[in-house]
Structures are given as structure tokens and as C-alpha cells.
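Welcome! Take a moment to turn the model around on your screen, and then let us walk through it together.

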Amino acid sequence: EDGATPAPAPNFSTPSLSSAAMLVELSISVWTGRKKDKRATADVTATNHAKSGVAAVNKKLMAECAELDAIQKFAANVRTFHYSATLPWTDTGIRCNTTARFFGYHEQITAFETEYWRLVDNFLSAYQWEKDKAQASLGAMWYADDYPTIEALRSKFAFRINYIPMPEVGDWRVDIGNEAQQQLKDQYEQYVGDRLKQATADVYRRCSEAITRLINSMDWAQGEKPKRMYESTFDSVCELVDIMQDFNLTGDTTMEALRKQLATVMDGVSLDAIKSDHALRAEKKQQLEQAIKSLPSLDW
């Protein structure tokens, strides 16, 4: 509003990351319990005088199976946790985590894995019963061949977590000429620099979204009807202080300054106090708006 210019983008260099960070790969597979019914598809197409391929009938093989739904929802929640606890790294889904956060992350993800397989066992125990229920629900669309055996079905579920060391720029264990080796080093240094920009931009994006949500929930004047403020919205801003400390892989001074600024703003403040104290809410809202202005532009 006052024309303040956002902080400039950080000047990135490629640091030694092998002792500060690692790569993480999470793979979760869940049986969808859905299948295309070719005969029903053909019937729908013919009945509506439509061309082949313009419609498809997909049936839910397990009808209303609470056990399978629980696995699918749980897997989605685990992926959400994984994305929030790590930074983007490659387009293939491999993400970056810091050694400072490794133990907390590993403890949580292994607990998730234990719960995941408990839910799978629950589903497999109920499979035959749910299969019989589905026959009554699907009617003529039910085919026994659509349903795998218990053994085959178990293989459709997977929960894998892999930790991969972060390679150093100079770690080329191949016998190639010096010129080619330098080209590879330069290429990898550029690759790491680009990934660090992406990861740092993700931290700033999280900051912008979390702070903006809290500001919007605080935006009411004294005497007006209060807006609904969620504890999760308040907590997400408080958590930014730790996130920016642990995920500042480049030693970015802009991020550290913003972290200290947020730590000061949120220190000793509670959600109840912000809700009930108009003067405090107005003060903190203004301070958070100043913090938003100090975010660098993400057009790097």
C-alpha cells in the first residue's frame, strides 16, 4: 500500500549440503478398488447414440467399504505430512530434508507406516465380506474376475521410505577426462543451485500463505462481528520460526531476518489474546503486514 519494494531475491551459491541435508523418497501404493466396465460402457454409448470412446463407466468394486476408504484417506494425510515436512527437490518426487529435522520426521513417518499396515490388515480381513456385499450392490455389473486373491491384493499396497545421501558437487566416481569431469561438475553445480532456489522459494511461499491467512482472519474492526480464527491458522505462523531456521539451506540472510522478525511478533502471544484484545490484534496485524512486505519476490 505504501509502495514498499519487496526484498531482493537471495544471491545463491552452492554450499556443501551432504552434512546438512539429505534426499527423501516416499512411495505409497493403495488399491483403488475401481475398474472400467467395458460392457456397461458399450451399453451407455449405444443407448445414447454416441461414438465409441466418448464415455466410460467405472464401477466401485467394494461398494461402500469403510476399511478401504480409511486406507485411502490415511495415505493422503501421510503425503500431506511428507510435503509439509520436506522441500521440493526433483520433478520425480524426491524431496529434501535437513539433518536437523531427520529424527522427528523419521519417528513420525515410521509411526505412519505401522498404522498404514494395520489399516491394510483390517481391510484384508474384511475383504471377503465386503466382496459379497458388493455383489448385491453391483448386480449384473459384478464379475468375480474383477476381484484379486488376498495374496495378489496385498501386493497392491506398499509403503516405502528411502533416504538418499546428498551428493557433493565434486563427487564424480567415474574415470573420465578432466574436461568432461569439469563439465559434469559445472552442470551439477547449476542443478543444485536451481534446486536450492526452488526449495527456498517453497519456504517463502509457505510463509506468504500462512501469514496471509492469519492476517485475513484478524481483519475486523472493534465493534464488528469477529471473523472465525482457527488454532491451526495461528499455529502455522508460529511454526514458521522453526521451519525457516531448519530449512535455511543457503544461509539466506533475508530468511534469517524474517525469522527473527516473526519470532519477535509471535513471542508470548496466544490465540485467545488476539481474539479478545482489539489493540493487540491491530498491533500484531500491522506487524505481520510488515513481515509480508519483507518477503522477496518469487519471480526468480
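## A first look around

The protein has an accessible surface of about 17,200 Å², and carbon and sulfur atoms account for 50% of that area. Please keep in mind that this is a predicted model. The protein has 300 residues, and 39% of them are buried. Its secondary structure consists of 9 helices and 6 strands.

## The largest pocket

Rolling a probe the size of a water molecule over the atoms is a way to see where empty space is left. The largest pocket holds about 410 Å³ of space. Its lining is made of 20 residues, and the closest to the centre are Ser 84, Ala 85, Arg 206, Glu 239 and Ile 243.

Which elements build this lining? At least two residues each come from helix H2 (66-85), strand S5 (95-98), helix H3 (99-138), helix H5 (178-217) and helix H6 (231-246). Of the contributors to the lining of the largest pocket, H5 gives the most, with 6 residues.

Let us start with Arg 206, which sits in helix H5. Arg 206 counts as buried because its relative accessibility is 12%, and the cut-off for buried is under 20%. A polar atom of the Arg 206 side chain lies 2.5 Å from the backbone oxygen of Ser 84. Beyond its neighbours within four places in sequence, Arg 206 is in contact with Tyr 83, Ser 84, Thr 86, Leu 87, Arg 95, Leu 240 and Phe 247.

Next comes Ala 85, a residue of helix H2. With 10% relative accessibility, Ala 85 also counts as buried. Leaving out residues up to four places away in sequence, Ala 85 touches Asn 97, Tyr 105 and Phe 247. Along the chain, Ala 85 and Ile 243 are 158 residues apart, yet their C-alpha atoms are separated by 8.7 Å.

Now for Arg 259, which lies in helix H7 (residues 253-266). Is Arg 259 buried or exposed? At 14% relative accessibility, Arg 259 counts as buried. Apart from neighbours within four places in sequence, Arg 259 is in contact with Val 241, Met 244 and Gln 245.

Leu 61 belongs to a loop, the one between strand S3 (58-60) and H2. Its relative accessibility is 2%, so Leu 61 counts as buried. Residues up to four places away in sequence aside, Leu 61 touches Trp 31, Gly 33, Arg 34, Lys 35, Ala 134, Leu 138, Asp 146 and Tyr 147.

Asp 132 is part of helix H3. Asp 132 counts as partly exposed because its relative accessibility is 39%, and that class runs between 20% and 50%.

## Pairs that meet across the sequence

Here are some pairs to find in the viewer, with their spacing along the chain and between C-alpha atoms.

| Pair | Apart in sequence | C-alpha to C-alpha |
|---|---|---|
| Arg 259 and Met 244 | 15 residues | 6.1 Å |
| Leu 61 and Gln 135 | 74 residues | 8.7 Å |
| Asp 132 and Ala 63 | 69 residues | 10.0 Å |
| Ala 85 and Ile 243 | 158 residues | 8.7 Å |

For a last stop, go back to the largest pocket and look for Ala 85 and Ile 243, which are among the residues closest to its centre.

Conventions. Residues are numbered from 1 along each chain as its sequence is written. This is a predicted model: local features need pLDDT of at least 70, side-chain atom pairs count only at pLDDT 80 or more; totals for chains, interfaces and linings use all residues. Side-chain values use heavy atoms; hydrogens and water are left out. On a 1 Å grid over the protein atoms alone, a cavity is a set of points where a 1.4 Å probe fits but cannot get out, and a pocket is an open set with protein on both sides within 12 Å along at least five of seven lines; lining residues have an atom within 4 Å of a point. Grid points are joined across faces, edges and corners, and a volume is the space filled by probe spheres set on the points. Helices (H or I, at least four residues) and strands (E, at least two) are DSSP runs, numbered from the N terminus. Buried means under 20% relative accessible area, exposed over 50%, partly exposed in between (1.4 Å probe, protein chains only). A polar contact is a pair of N or O atoms within 3.5 Å; within protein, one must be able to donate a hydrogen and the other to accept it, and residues adjacent in sequence count only if both atoms are side-chain atoms. Contact means heavy atoms within 4.5 Å. Accessible areas come from the Shrake-Rupley method with a 1.4 Å probe; for residues, only the protein chains shown count as cover.
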